[in-house]
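Subject: Structure handover

Hi,

Here is the structure I promised to pass on. My notes follow below it.

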Number of protein chains: 2
Amino acid sequence: MNDQTTSVAAILDAAKTAGRDSLSAADARALCLAYGIPVPDEGLATSADEAATVSAEIGYPVVMKIESPDILHKSDAGGVVVGVDSEDAARAAYDQIIANATAHDADAAVDGVQVQQQASGDLEVIVGAVTDPSFGKLVAFGLGGVLVEVMRDVTFRLAPVAAEDAAGMLTSVRGAEILDGVRGQAGVDRAALAGIIEAVGKLVSDHPEISEVDLNPVLASPDGAIAVDARILLDFDQQPARYRPGQEEILTAMRRIMQPDAVAVIGASPEAGKIGNSVMKNLINGGYEGEIYPIHPRAEEVEGRKAYTSVTEIDGQVDVAVFCIPAPLVPRVLEEVGQKEIPGAVLIPSGFAEVGEEELQQQALDVARKHNIRLMGPNIYGFYYTHKNLCATFCTPYDERGSVALSSQSGGVGMAIIGFSRTNQMGVSAIVGLGNKADIDEDDLLTFFEQDDNTQVVAMHVEDLKDGRSFAEVASRVTKQKPVVVLKAGRTSLGARAARSHTGALAGDDQIYDDVLRQSGVIRAMTLNDMLEYARGLQVLPTPQGENILILTGAGGSGVLLSDACADNGLSLMSMPDDLDAAFREYIPPFGASGNPVDITGGEPPTTYQNTIRLALEDERVHALVLGYWHTIITPPMVFADLLSEEIERARGKGIHKPVVASLVGDVEVEDAARKLMEHDILAYPYEAEKPVAVLAAKYRWARQAGLI
Amino acid sequence: MNDQTTSVAAILDAAKTAGRDSLSAADARALCLAYGIPVPDEGLATSADEAATVSAEIGYPVVMKIESPDILHKSDAGGVVVGVDSEDAARAAYDQIIANATAHDADAAVDGVQVQQQASGDLEVIVGAVTDPSFGKLVAFGLGGVLVEVMRDVTFRLAPVAAEDAAGMLTSVRGAEILDGVRGQAGVDRAALAGIIEAVGKLVSDHPEISEVDLNPVLASPDGAIAVDARILLDFDQQPARYRPGQEEILTAMRRIMQPDAVAVIGASPEAGKIGNSVMKNLINGGYEGEIYPIHPRAEEVEGRKAYTSVTEIDGQVDVAVFCIPAPLVPRVLEEVGQKEIPGAVLIPSGFAEVGEEELQQQALDVARKHNIRLMGPNIYGFYYTHKNLCATFCTPYDERGSVALSSQSGGVGMAIIGFSRTNQMGVSAIVGLGNKADIDEDDLLTFFEQDDNTQVVAMHVEDLKDGRSFAEVASRVTKQKPVVVLKAGRTSLGARAARSHTGALAGDDQIYDDVLRQSGVIRAMTLNDMLEYARGLQVLPTPQGENILILTGAGGSGVLLSDACADNGLSLMSMPDDLDAAFREYIPPFGASGNPVDITGGEPPTTYQNTIRLALEDERVHALVLGYWHTIITPPMVFADLLSEEIERARGKGIHKPVVASLVGDVEVEDAARKLMEHDILAYPYEAEKPVAVLAAKYRWARQAGLI
C-alpha cells in the first residue's frame, strides 16, 4: 500500500468508525488531492472574521458553502454564496449562511463555512462513479449543466479505466464536439479530463467501500480542469465475492459438459410423452455416438439401453448428467452425481427460483459446490451440441451443423432460435438454455466457445448478467477473435436504482449495459429478429478488409433505400474513383447512374449484372458489396441468383472473399431466389432494404472493434 | 392590407429597389416591431459622442454592434462589444468597433454603430424561418446555445403556425423540459415564446419575399421573451405558382382514371412479351368488366378485342388511356387523347426525365395541360384497382381485394409491394406507380383515396414531394379519417441545402420531412418492411379505445421482450386493477406472474390461454392485447391459433373489437399458426417480438393524432 492509498484508507477508516455514509467536503477534497485530482484552494472558517482572513489568503472571488454532515443539498438550504469579492462581503456571507442553515435545520451539526477559490472554466462536465450489483465499480463522464440534466448525455466504463478508455469516454457522449469548443470557444484540455477520469477509476477500485463519487461540476478550460465540488458516498457492507473458478478449471468442466463422451439421463423414462423419454429419444435419434446411461429406479432398460438405479452403479466415466426428475428430488440425486465425480449436471426441471423456491435452488447449488459439479439451469430445455450430434434436450432434435453457438435465458426464446434456425437452415454449433442460471452463466459459455473450433460466432439472449464484470472480461477477450451478439432483454422495464448521488441517478441500467457491452466489443442486437439474423449472417459474411461499401442496383429506388440504410448503420459509401466509374460506364446504359450507388437500370440483361458484379468483386478498392436486385422479365430472380452465385464462386476461386449482401425486390419468385442464395452462403433478403445492410453493419462493428479494419 | 403589412411592404420595397438581399438591423427591427415581436431598445450612433448619449438614454448596460450591410458576421469582424456600462466605455467601444470593422474590410460601407439595451433572460432559444422548395415557408424553433449548435435540437412547422401548433413546437424539441426550468430556475414564459413563433409565421406568410429569418438568440425569462438579434434575408425571385386544380376538379379526373368504365390501350400489341400485349392480357385476365379499346396502327383486333388506329375513332366515352408506346411518340398521341377528351393518361414508357429527357417530359406535360389531361407517370409499371378488377399494368395481375391503397415512386419498390402482398395474401384496393411524377403526385392520389370507400388505409413510398405543402394540407385532412403511412426514402443522401442563415443551416431535409409528416398526422415508416407490415396490419387492427395495453404471455422471456417493445414504441402498459389481477390468478398457476405482463407460464393447457384471453377481451379497462405464445406439447401452435381465433370471433359476436397482436415463439409449426391467424385477420408473427408491437403502435399513432383516443 503506497502513501496515497494509506492516507485515503485512514480517512475511510475514520469515517467507518464514525458511522458515516458520506465524507465531509474536506475529506472528499483530501481524497481528490491524494489521487491527483485538481481541486480549488480552500479553507474552513468558523467565524465571520476568519472567513474574511481565509478569503483574502485564497484571493477573490471566492465561493462560500455551509460545512455540515447533516446538510447534503447545500444550495437548497441557502448554504451557498458565490462571487464573494471583498472582506466585508465574506463576513456578511458567513453570517447569512449560518443563519440560513439554522433556519433550514436547527438540529444540523455545523462545522463552519468552507471558503473556496471560485474556479472558472469554459465548460462544466461531470465525472463520477457508481457501484452496480452486476458490474461493480463504474466510472461516469457526462457533459454538465443542461446537457446532463435534460439530455442525460453520460457514458460509463468499468473501473479502473485505462488511459485509452478514458480518452474514449470523452468522444462517447453525444455532445462530444462541445469539448472541441463551439461558438468560437477554444477546445478544453482533454488530457486533464481524461486524467481525472482515470483517477476516479483508480480511487474506487483501490477502495471498494467508496460506493459513489460525484465530481460535479468539473470545470474544464483549454489549460486544465478542476473539480469544483466533490461528494463521496460510502458503503461498508461489501457484497460477498462471487464464485469464480479459474479459466482452466471452467474449461475443463465445460468441455466435458458440452462435448461429453458419456451422458447419464437421470429420470430416463420408457413412457412416451415424459421429458425423460424425450431426452433419451433425442440423444439416440440425434445420432449421439457416446455412451448413454439411463437412470431409472426399476427399469431394466430404457429405449434399448441398459438402465441403472443410480449413477454410482455405472462402471465407466460419465461426463454429464441430464436431470429429468421433479425439482424436489434434485439435491439428493446431485449427491450421487458428486460421488460419481461427474463434472456437470443439466437441470431441465422447473420448480426452483422461478416459482419462488429459492431455497431449493440454493440447496442444489450447495451440493454442486461441495462436489465441484457445474450446473446448467435449472428450468431449461437442455442443450444441443451439433458437432457431437448431441441433443441433450426434450425439444425436437436439431442437426444442421454450422458455426454459430446460441444461448437463451428464456425457454421461449430458445424455441424461437430452434424454429428460426430450422426454417432458415441455419448451421449452428450449439444451442444452450441457461434458465435460472443458478451456476453456469454466459461467461462460462463464452469461455468454452472461445476455444471451441466448431464455433465462430456466439449469439446470446440475456435478461440479466449475474456477474457482468466477469462477462465483460471474458467478452473483451473473445470478441477480438469471434463476433459475440447479445440481445439484452428487459432494457426498459427495470426500476430505478436506489441512488443518492447525481451520477447514481443518471445510471440507468440500460445505459450501463449499453456502454459496457460496447466496451467489451459485443454487437448488441436490439430485437429478437436482429439477434437471429445477425447470428445467421455473421458466420456467412467474410471479414471486410476496409470501409469502402459499393451499392450496385437495378432499381434506382432500391439504391436510395440502401443508401439510407448504410448511413443509418454507420457504413461509408466508397467515393468512386474515376477509372472505376469509367469501367462501370462501359457496361451500363448511358442513362444509368454511375457514382455510388451504381444504377445499372431495370431493363438490363443478366450480362450487365454479371459484368458489373465481377468488376466490383475484383476491384481491390471495393471492400463490400450491397446489391439491389429488381425482378424483371429479362433477368428473372432465379437467373440472378444463379449468376450471382457463379460470380461469387468465381471470385472465391481467385481468393477474393468480400462480404456481399443483397436486397431483392419483385414478385414472390424473389423468395425462392433468396433461399437459393442463402444456400450458397450469400445473404439475400426479399422485400427488405434495411435488413441486409444491418447485418453487414454488424460484421463491420465486429471487425472494427477487433482491430481488423 | 393593414398598417402592419403596409409598413413592412414599404421596407421590403425599398430593399428591393436598393438591390439588397438582406435587411439592415434597423429594418429587421422595424419588421419585428410591426409584428409584435419584442426587441431591445436601441439607437444608431454615428460618433463616439452620440454613442455615449444614446447609451445613457437606453440605460446601462448596453451592447454595441457594427451596422454595415457588408458585414454579416459581426462578431467575427470584431464588431460587437457587450456589457458597456458607462459613457466613457461607450465612447471607447465606438472607436474600437469602427477600427476593427475597417481592419476587417476596408471597403465595407459602415452606417454607424448600433447601441442596444443588453437584454437578460434565463434561457437562449432560437426562432427562425426558412423557405423550402417543396414545403414553402417553415418556422423553426430550437433551444439555443450548445443545444442547437451541437444537438441540433430544433423543430419545424409549416407557416403560418396556429397558436396551438406554436405551443406544440415548444414541447417538440428533445430538451423541452428545459423550458420548465432546470437546476432550480423558474420556467420561462411559454406564451411569449409561442407568440413570437406565431408572429414569425405570419410575417413570412404575409411577405413571401422574406426567405429566411433568424431571431437568435431570443432570450426567454419567466415573464417574457425578447429577440436580441434579428436577421432577415430576402429573395425577390419567387418560384412560379404550382399547377394545382381545385379539389373537385382533381376528384372528377381521378375517379375516372382510377375507376374507369372504359380503357384505351395505346400501343396494344398482339405480340407476346411486348408491354402493350401484357397490359391487354392483364386487363382481360384480371377480369375487368368495362370496355377495353386496343389502339394499334394496323391490327384488326388485339387479344380478341376490336382494335382502333386512334382513340379519336372510338365511339363511346373513354376514361383513361394507358400508354405502351415509345417515349418520343407520347406527346403526339397525347394530342389525340386530348381531342377525345379523355381525362387521364397512364404513361408506362420510360425514356423521359429519368434518362435526362426533361424536355420531352415537359412537352408531354404541356399537351396534357392544354387538354386538361392528368398524367400518371411516366416511367411506371401502371396501376391496379382491385375493386374494379383493374390491372392496368404490365406486371402480373393482383386480385386479393382489401382496403389498403399503396403507391410507390420506384418500380422496384412497387414490385416489392406486389410480391409481399401476394405472399402474405394482403388485401389491397389499389397499387399505383408514380414514377417521374410529371403531373399526378401523392396529394392527387390522397384526394382520391380520401373519398374512396374501398380504401381505409394508404401507404406511400415517397422519394420527394414535388409540392410538399399541398401534400401536407391534404394529408392533414385525410389522416383524421384514414391512416396514411409514408416511407420517405432518401432521407440521408441529400446534400446540405444552400443556406445563409443559422436557421437555414439547421434545416436538414429529413428534419423538415419528419416534422411536417408528423404535423400532418402521417405515420412514418422508417424501413420498407415497416411500411409493408404497417399497411398489412393497420387495415386489420380495430381502433383502440384507450391507452391500456395488456401483455399476456406463456413465456416469461417473451413478456420481457414485449414490454421492451411497448416502451420503445411509446405504448403504455396498463396498471393492473386489483380485481382483474385476482381474476387472472383464478386461472394461472400460483407461481405464474400476474401484474402486467400476465405470465400464465409455459406448461399450461389450452383452457388457460382461453380463459385468460377471454378475460382480457371482455374487461373494458383493457384496450389492446399483446400475446406472447410459447410452443409446447400441451398447447401446440395450431391449437393456440384455433382457440385464439375462436375467442376473437366470440368477442366480435359480442361487439367487442380490440386490437390483438401476437408474438409466436417455437419450432417451425408457429409459422403455420401465424399464417392461419393472419387469415382470420389476427396479426401474428413468428420469431418476432418487436414487429407485432410496432404495428400496434402504428395504429395508436394514427388514433391519437385523429383524436380518437
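One definition before the findings: two strands count as paired if DSSP finds at least two bridges between them. Please also keep in mind that this is a predicted model.

On that basis, β1(A) and β4(A) qualify. Four bridges join β1(A) to β4(A), residues 112-117, and the two strands run antiparallel. Within this pair, G43(A) sits opposite V115(A) of β4(A).

Four strands of chain A make up an open sheet, ordered β1-β4-β2-β3. The pairing is antiparallel. Its edges are β1 (42-45) and β3 (80-84) of chain A, and each of these pairs on one side only. From one strand to the next, the twist averages 20 degrees.

A helix goes with this sheet. Helix α3 of chain A, residues 48-58, lies across β1, β2 (62-67), β3 and β4 of chain A. The angle between α3(A) and β1(A) is about 170 degrees.

Now the whole chain. Chain A has 709 residues, and 54% of them are buried. The secondary structure of chain A comes to 23 helices and 29 strands. The C-alpha trace of chain A spans about 90 × 80 × 40 Å along its principal axes.

Last, the contacts. Take those in chain A with a separation of 6 or more: 72% of them are between residues 24 or more positions apart.

Best wishes

Conventions
Residues numbered from 1 in each chain as written. Chains lettered and ligands numbered in written order. Predicted model: local features only at pLDDT ≥ 70, side-chain atom pairs only at ≥ 80, totals over all residues. Axes fitted to C-alpha atoms, helices over the stretch in contact; angles between N-to-C directions. Contact = placed C-beta atoms within 7 Å. Buried ≥ 20, exposed ≤ 12 C-beta atoms within 10 Å, placed from the backbone.
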